[in-house]
Structure formats: C-alpha cells, structure tokens
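Trainee: I would like to learn how to read a helix in a model like this one. Please show me the structure first.

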Amino acid sequence: MRTAAVILAAGRGRRFGSPKALIRIAGRTMLEHVAAMARSTGLDPVIAVVPAGTAVPPFVIPEINPDPEAGLSRSLQLGLAAVPVEEADAAVILLADQPTVTADAILAVATETGDRPIVAARAGGRIGPPVLVRRTAFALAQRLSGDIGLREVIGANPDQVATVEVGEHAPDIDTPEALDALAPACPGCGERFVPAPVDEMHPYIGASTGCWAAFGEVLAREFQDIAYGRVHRHTVDAYAAQHPGQDDRRQRQSVALHLIGICHWLEHGVELERLNAITQRLASEKSDWPWLDPPSSHAMTVADVLKARSGEEHVRLVRAWAESLWAAWARHHDTVRRWAAEALG
C-alpha cells in the first residue's frame, strides 16, 4: 500500500500564545521534527497543512489552510484532499505539536494489514495519533466541522476502526508548561533539548543534559574525522563561552579564557599552536578574573552546528557560531580586547 503523510500544522496556538508548529527544539521546528520522522519511515509524499506564509522543509508539500480559525476539521479535510490519487492509497495523519512521535508508532499503523479503513494507535487504553486513513474512508472527514479531528470519526464508526498498541502516545505540546516539561531551555544557550542520559556533566559548564549530549555528538564527529576536527579548539571555545555557569572562580576564568581565544581567532588570526600556548599560560597564572554578565540570547547554538553534513560545512558553521557568539558578548568587547592584546604581549 502506498501511504502518504498528512501533518496538521495550521493551528494558531491560542493556549500556547504563538503558532506551535514553529517552536524550535534542538535546532529544528516541531513541524520539521515530525516531517523528518514521517519521511524516515518511508511515507511519501509528506504533506503539511499550514497557514499562508509558513516555511516547510524542502521535501514537504505545503497545503495552505486560508482559514485556520475554521478549526482542526478544515485542516484535516484539506490535507486528505491534497493526497494525490496516483501516488497514495492511504495517509497517516500526524500532528505538528507532537515532535517526539516515534518511527515505531508510525510504522505500527502504516503496516497494519487488516481490512478496516482506519487504523489508530492505542496506548494506556486511549486512542490517538498517528492514525492511518485508507482512501475509502477519506469521505468520513468531510462530515466534520469546527475544532474536531479524527477522534469523532473513530468514535462514530467503531466497526471501521482497527487499533494497534504503541506503548505510549507522544505528548501534545499545547502550552508553554508542556513545552518546558518535554524540552526545558538550556540555562546557557537557551536552546531547547529533550533531556538526555549522560554519564557525567561538566563540573562548571552551565548546560542542560540534552545540550551537553548534543555537544558530545559534535565532539565525536571532530574526534573521528580530521575534516571536522581542525576547528575543535574553536568549537570548545564557543560552547564554553556560551555556557558560563554561575559566578565562581573557575567559571570566571573559563569565560575569560574562551572569549580571549575567540577574539584571538576572529580578530587577530592567531594560529592554533600559539592560541593553545597562550591559553595554557593564562590558565597557569591563576588570575582572579572578573565576572562578565552573559548575553540573554544567542542567534546560533550547538544544535545549528549539528546540521553540518560535511567537514567543510562544519568548519563554516563553527566559524559562524563563534562570530554570532562574539557579537552577543558585544558589551564586553572592550574588556576582552584589552585582555587579548595583553595576552599577545
């Protein structure tokens, strides 16, 4: 059976306060997370029902909902109508506010071999997305109106519905509190990551577990491939300066030395061997560096660097990251530049 994906992403996010599909987690919007997962399971085409002006990933076909206020039913109807007859016999319905939906859950409904036209995921005795709808059942959605989705169709037509167990449903991100529970903001860079198990956190780098795990993934690439590793020093400088931690002696020294390193690289073109020697000398002097109040926001994070698909792109992204970080620390430039000049002697 040829199966498409239909992602419902046109909601205004009234309870959230902004369009939920565009909320960023680990460097990608929630819509991008769901679309990538749909694509990874082989669903094709991937269609997203979105408001006018919403950007979608290149592999996603946008279906514009000109009236999001008409509710979920209108998005569902538009999405099913957009599934091309010549390309798909069914569609898996997904929600853009469920960024942690799994491949296993999608495949569970997409590969169910029974003859009922609707297949819904079940977990904990509750039915929810993802839901497979075969083309013979598309017309059932046309009877809906308002902010109602497939739940009403399923409840009204139990004889046409099969269910498959999926362990647990992905949580809906309907409120800021739900987002904080799923992916708390990193105290250093502000990027949101799903918490990750880590063997050990750095003693004074101020990062969330998810952010620290993402940094570990970047370091693994640099250790395994010299094309990535040639900017390892600058990667460490950028990450450490972006995660200053609390006002204490080691944290103050870390921020000062890593900002000096970034200044030396970007503004003086200091070569790596000399840069390392300067840092080692400054660290051995045990100076009591002052605390610099960190920036409140950042344009780039380690999540953006993880998007690199080649060593060349990685080098470019690390430099862009360092440049954006240096710009974020602008109010302390005079101080850091003085330190950098003194260190060059």
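Mentor: Exposed means over 50% relative accessible area, buried under 20%, and partly exposed in between (1.4 Å probe, protein chains only). Helices are DSSP runs (H or I, at least four residues), numbered from the N terminus. This is a predicted model, where local features need pLDDT of at least 70, side-chain atom pairs count only at pLDDT 80 or more, and totals for chains, interfaces and linings use all residues. Residues are numbered from 1 along each chain as its sequence is written, and side-chain values use heavy atoms, with hydrogens and water left out.

Trainee: Which residues of helix 10 are buried?

Mentor: An α-helix has 3.6 residues a turn, so residues three or four places apart point the same way. In helix 10 the buried residues are L275, I278, T279 and L282. They lie on the same side of helix 10 because their arc around the axis, taken from the directions to the C-beta atoms, is only 100°.

Trainee: What covers the buried residues of helix 10?

Mentor: Their cover includes helix 8 (232–242), helix 9 and helix 13 (333–344), where contact means heavy atoms within 4.5 Å.

Trainee: How many residues does helix 10 have, and what should they span?

Mentor: The expected span is 1.5 Å times one less than the number of residues. Helix 10 (residues 272–284) has 13 residues and should span 18 Å, which agrees with its end C-alpha atoms being 18 Å apart. Just after helix 10, K286 takes a positive phi of about 55°.

Definitions and conventions:
Helix = DSSP H or I, 4+ residues; strand = E, 2+ residues; numbered from the N terminus.
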